[in-house]
Amino acid sequence: MLFTSDRGITPADAARAAEDAGFDSFFVPEHTHIPVRREAAHPGTGDATLPDDRYLRTLDPWVALAMAAAVTRRIRLCTAVALPAEHDPIALAKTIASLDHLSGGRVTLGAGFGWNTDELADHGVPARRRRTVLREYLEAMRALWTEEEARYEGEFVKLEASWAWPKPVQPAIGVLIGAGGTEETFRWIARSADGWISTPQDTDIEQKVLLFNKIWREGTPEVVALAGRPDREVLARWADAGVTEAVFGLPDRSAEDVRAYLARIADLIF
């Protein structure tokens with residue numbers, strides 16, 4: 001995962017370096033903007049303080065992944081997390097379907113409810129309704145991705161019968177939800193998504209995956225865990241518990257530094 005910014009390695013260089021090093025997926029985040037004055041506390045700091053100024057400098061995730069798609073052939077193109085509620089769902093469905101079409105079916109949508117409710121407010125999203133907004137947007141986008149004449153009726157989205165191509169190459173765009181691992185969140189995911197992305201605040205991943213699997217409907221959910229230092233023993237325990245993918249953060253440094261960092265991680269885990 002590269003917390004993209006206007007400094008350091010580009011998403012295209014980072015994705016190509018990750019693919020060359022043998023990794024399976026490349027993740028980028030999203031913030032359209034950060035209001036200077038806000039009431040929303042960052043989940044990591046507990047107040048208005050931001051842990052990193054990259055929050056102010058984040059690149060558009062779909063532009064970043066399109067650049068990455070152009071220079072890679074195998075690696076999956078993912079968000080951790082995007083904020084669909086901050087977009088027009090019809091236009092966003094077109095963007096994601098186009099990227100999936102042009103990349104040969106490599107897109108995974110990691111979405112969040114949005115901790116920064118002041119950011120959401122600037123997009124017209126009521127803080128207490130953000131989960132409902134996200135559910136409707138995902139349902140409307142799925143209709144556009146899969147139906148020949150797509151239609152949707154909800155509180156926040158109304159779509160008359162419409163044509164929309166291209167359709168994604170994949171039968172379904174996978175949707176993962178990045179949020180704190182609580183029973184409430186897992187029940188929301190079980191109804192409306194395909195899997196869970198942990199947060200930096202989540203501890204005891206094995207126990208949370210056990211709870212998630214008890215709540216899950218049928219089959220096995222996708223579980224993406226944000227990893228810290230590479231540790232084969234921890235990764236093995238996570239795999240046994242049901243974690244399907246571990247994600248390591250990349251520094252926004254020079255391409256040379258990032259390639260060296262990827263090589264060190266690869267040596268430890270492959």
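**View 1. Helices α5 and α6 meet through residues of several classes.** Arg 131, Leu 134, Arg 135, Leu 138 and Arg 142 of α5 are in contact with Glu 184, Thr 185, Trp 188, Arg 191 and Ser 192 of α6, where contact means heavy atoms within 4.5 Å. By class, this contact has three nonpolar, two polar and five charged residues; Ala, Val, Leu, Ile, Met, Phe, Trp, Tyr, Cys and Pro count as nonpolar, Asp, Glu, Lys and Arg as charged, and the others, Gly among them, as polar. This is a predicted model, in which local features need pLDDT of at least 70 and side-chain atom pairs count only at pLDDT 80 or more, while totals for chains, interfaces and linings use all residues. Residues are numbered from 1 along each chain as its sequence is written, and side-chain values use heavy atoms, with hydrogens and water left out. Helix α5 spans residues 130-146 and helix α6 residues 183-192, and they pack at an angle of about 20° with their axes 11 Å apart. That angle makes α5 roughly parallel to α6, a description used for angles under 35 degrees.

**View 2. Helices α3 and α5 cross through a nonpolar contact.** Pro 89, Ile 90, Leu 92, Ala 93, Ile 96 and Ala 97 of α3 make the contact with Tyr 137, Met 141, Leu 144 and Trp 145 of α5. By class, there are 10 nonpolar residues here, with no polar and no charged ones.

**View 3. The largest nonpolar core has 69 residues.** Such a core is a set of buried Ala, Val, Leu, Ile, Met, Phe, Trp, Tyr and Cys residues joined through side-chain atoms within 4.5 Å, buried meaning under 20% relative accessible area with a 1.4 Å probe and protein chains only. Phe 26, Trp 62, Leu 109, Ile 177 and Ile 189 have the most contacts inside this core, and its largest share, nine residues, comes from α5.

**View 4. A cis peptide bond joins Trp 165 and Pro 166.** Its omega is about 5°, and Pro 166 lies in the loop between β5 (158-162) and β6 (174-178). Another cis peptide bond runs from Ala 80 to Val 81, with omega near -10°, and Val 81 lies in the loop between β2 (76-79) and α3.

Key:
Axes fitted to C-alpha atoms, helices over the stretch in contact; angles between N-to-C directions. Helix = DSSP H or I, 4+ residues; strand = E, 2+ residues; numbered from the N terminus. Parallel < 35°, antiparallel > 145°, perpendicular 65-115°, else oblique. Buried < 20%, exposed > 50% of the residue type's maximum accessible area, 1.4 Å probe, protein only.
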